[in-house]
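Open the model in your viewer and get ready to click along. We will take it one selection at a time.

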Amino acid sequence: MDFNFSDEQNMLRDTVAKFVQNQYDFDTRRKITRSDSGWRADYWKVMAEELGILGAPFAEDHGGLGGGAIDNMIVMEEFGKGLVIEPYLGTVVIGGGFLKHGGGQQAESLIGSIIAGEAVFAFAYAEPQGRYNLADLTTTAKKDGAGFVLNGRKAVVVGAPWATHLVVSARTSGAQRDAGGVTLFVVPADAAGVTRRDYPTVDGLRASEIQFDQVKLGADAVIGELDGGLPLLERVTDEAIAALCAEATGVMRRMHETTLDYARQRKQFGAPIASFQVLQHRMVDMFMNVEQAVSMTYMATLKLGDPAAERMKAVSAAKVQIGKGCKFVGQSAIQIHGGMGMTDELAVGHYFKRATMIEGLFGSVDHHLRRYEGLSLGEAA
Amino acid sequence: MNLDFSPEDVAFRAEVRAFIASAYPQSLRGKQDEGEELAKEDFLAWHRILAKKGWVAPAWPTEYGGPGWTSVQRYIWSEECALADTVPILPFGINMVGPVIYTFGTPEQKARFLPDTLSGDIWWCQGYSEPGAGSDLANLKTKAERDGDHYIVNGQKTWTTLAQHADWGFFLVRTDPAAKPQEGISFLLIDMKSPGVTVRPIITLGGEHEVNEVWLENVRVPVENRIFHENKGWTCAKFLLAHERSGIAGVARSKRGVDRIKSMARNEAQDGIPLLRDSFFKRKIAELEIDLLALEFTELRTLASENAGRGPGPESSLLKVKGTEIQQRITELALEAAGHYGMPYFRGFGAEGDNALPIGPDYAHRTAPTYFNVRKTSIYGGSNEIQRNIIAKMVLGL
């Protein structure tokens, strides 16, 4: 057993932490969220070329740094501390994850483009009727000569306005919620028949509703197995959840730190409010939540390579813990900041908003509690 | 002991229900259904209708324009308003400064301010909190120095709700810097158009402009605008805080909130099964309803003791704590029910020049901003930590 990071991993953390500290302060982030594009394409280039972090989890054969899930965890945790907007999750963790595990004819060149900062991915999986069931799909891809024709609609595709490529889950056979008949496709974002409606999200990102109308795809658009894509979809989503948990630990840790700072300097009744026992206990509970979230993130990340049932259990357990932690730490941070915590001007509220969105992303606490119950206690709920 | 309403109360309920149904402005209803932000005139429209009817200030004595209702009738009224989802009557004039003026004011002050407060011609704001005086309100620093028949007021107030619309404000100011914190405070009414008054917006988490900073620089306030004695303003402040807390339970509005969640949960489904039939979600609604029932009966007991002539006491802190916790849980469940569509953000929605329709079901797009906004309820009006301190000290004698 070893919970130490390698020298390379420590270097990666330092690199990302320095970037966040020096180039991603709160005012910079605010400007980014208010800009027309909503992200910094030039920062993406910096991440690719100067920091070299977009290759972190890819094999050296592909031009990557030879790391894996732990490297994603490190980057996401540091990104969480700075509320970094740029789509590492969508592109490197999710897009890269599908290409690594699913392969396909385009995988090698696309991984190269991701590492170079040229390909940006968004994950078009959710549908309005499906809620958190990944297999509930009304988007269809029908055989058309050697290729496919894609039709349907995807909901709240985070990062879609910046994407060059979309990973789209679609039904190639079977009924709406069948486990079989799911296939994943890589779709150029500017393909004919793809229309987006873009909007901001409450946590300062951008997302889109995407309509696919008779979109023609080649046979090489398939990632993984035709009709048998659900296990791959679940695997990469679990990896995304683990990375999101890592981001959450960074978000929570920052909320806890800033709350301690505030409580030490804010005086009421002639004393720093940090001296009041009722607030001390609340800040201790926040601390315990942060530490437990870190533990569960490590646990889930280290089990991503386990057999599917073990992996799913671990990831759902982590998401339950992190979801509860995000709520408790976020609400406590605002409460202890008092009125100041309610303002748009202070960073803490923005961390709270991100933490709140993380609670729901890829499945709520209830959803993952139920998945855990089904896997752990036998009978699927 | 029984739970029945008297025949008079039943008739009263029918009367007010019919009145609301016929008199409530349809244009307002439309805006509320669309989740639009309300403008000043929207707030005032219903106020003016009720003022004309004589029902805008249910708790005021009849000699000042109150309808002379019993506390049970007032309860029925607030319940019916919540059921009909009417725009709330802003508390600053009717629930806060009005009672202070008719309790502590001179005949001239009553004549000058009460009729306009009732009619809606004066929009009031509350100048209490300061950057250094939140939970510790008595630590306030804004000072008023006597200059002949005027006070010269200097200082800064904050979290002043809807001050951007206000005609007048009621302010706590320090008139004796040498006295103990609570003993050197006076209660002043300040014309917000006075030279030296500056209102600056504070934008909150959900993107709203609801609260403000109010800066006072050499503002001249006639001494006749002071309520009660100099340096005795804390008496008015305490009186007002007790009034502010009664009604803060918000039982009827929360019932309506639970109904909304149920209707969302009927519409949202996973695997074709409505959320309302999901055992986890269902249980959370049930627990919420039970907690709300406990709060309702606690409030009814408080009402009964008020009717017996005992004013709102420190027990009202219980109503504030439990009421706001329930309000917050309602917004949590609403956001949870919205699923993916809790995430899109439409700040400009409803504003002029923005015709973009929200994404997803119409109930979804306000759930996150509302969840963020309602975090304020456990902070304002004396934070819930302070309320617990009050109970510990005043009720339990600890």
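**Stop 1: a helix pair in chain B**

Select α4(B) and α8(B): these two helices are roughly parallel to each other, because angles under 35 degrees count that way and theirs is roughly 25 degrees. Keep in mind that you are looking at a predicted model. To find the pair, pick residues 71–83 of chain B for helix α4 and residues 251–267 of chain B for helix α8. Their axes come within 8 Å, and α4(B) passes α8(B) in a right-handed crossing.

**Stop 2: the whole of chain B**

Zoom out to chain B and switch to a cartoon view. You can look for 12 helices and 10 strands here. The C-alpha trace spans about 75 × 55 × 50 Å along its principal axes. How does the radius of gyration of chain B fit a compact globule? A compact globule of 398 residues would have a value near 21 Å, and chain B has 22 Å, which agrees.

Which share of the residues of chain B counts as buried? That is 40% of the 398 residues. Among contacts in chain B with a separation of 6 or more, 69% come from residues 24 or more positions apart.

**Stop 3: where chain A touches chain B**

Bring chain A back into view and select the boundary. Here 34 residues of chain A are in contact with 32 residues of chain B. On the chain A side, the elements giving two or more residues include the strands β3 (147–158), β6 (194–200) and β7 (206–217), and the helices α9 (308–337), α10 (347–360) and α11 (365–376). Highlight α10(A), which gives the most, with 5 residues. By class, this side of chain A has 14 nonpolar, 12 polar and 8 charged residues.

**Stop 4: a helix pair in chain A**

Finally, select helix α8 (residues 277–302) of chain A together with α9(A); their axes come within 9 Å and cross at roughly 155 degrees. That makes α8(A) roughly antiparallel to α9(A). The crossing of α8(A) past α9(A) is left-handed.

Show some side chains in the contact, including Leu279(A), Met286(A) and Met296(A) of α8(A), and Ile322(A), Phe328(A) and Val329(A) of α9(A). The residues of this contact divide into 15 nonpolar, 6 polar and 2 charged.

Conventions. Residues numbered from 1 in each chain as written. Chains lettered and ligands numbered in written order. Predicted model: local features only at pLDDT ≥ 70, side-chain atom pairs only at ≥ 80, totals over all residues. Axes fitted to C-alpha atoms, helices over the stretch in contact; angles between N-to-C directions. Helix = DSSP H or I, 4+ residues; strand = E, 2+ residues; numbered from the N terminus. Parallel < 35°, antiparallel > 145°, perpendicular 65-115°, else oblique. Left-handed = near helix turned anticlockwise from the far one by under 90°. Rg over C-alpha atoms; globule rule 2.2 N^0.38 Å. Buried ≥ 20, exposed ≤ 12 C-beta atoms within 10 Å, placed from the backbone. Contact = placed C-beta atoms within 7 Å. Nonpolar A, V, L, I, M, F, W, Y, C, P; charged D, E, K, R; others polar.
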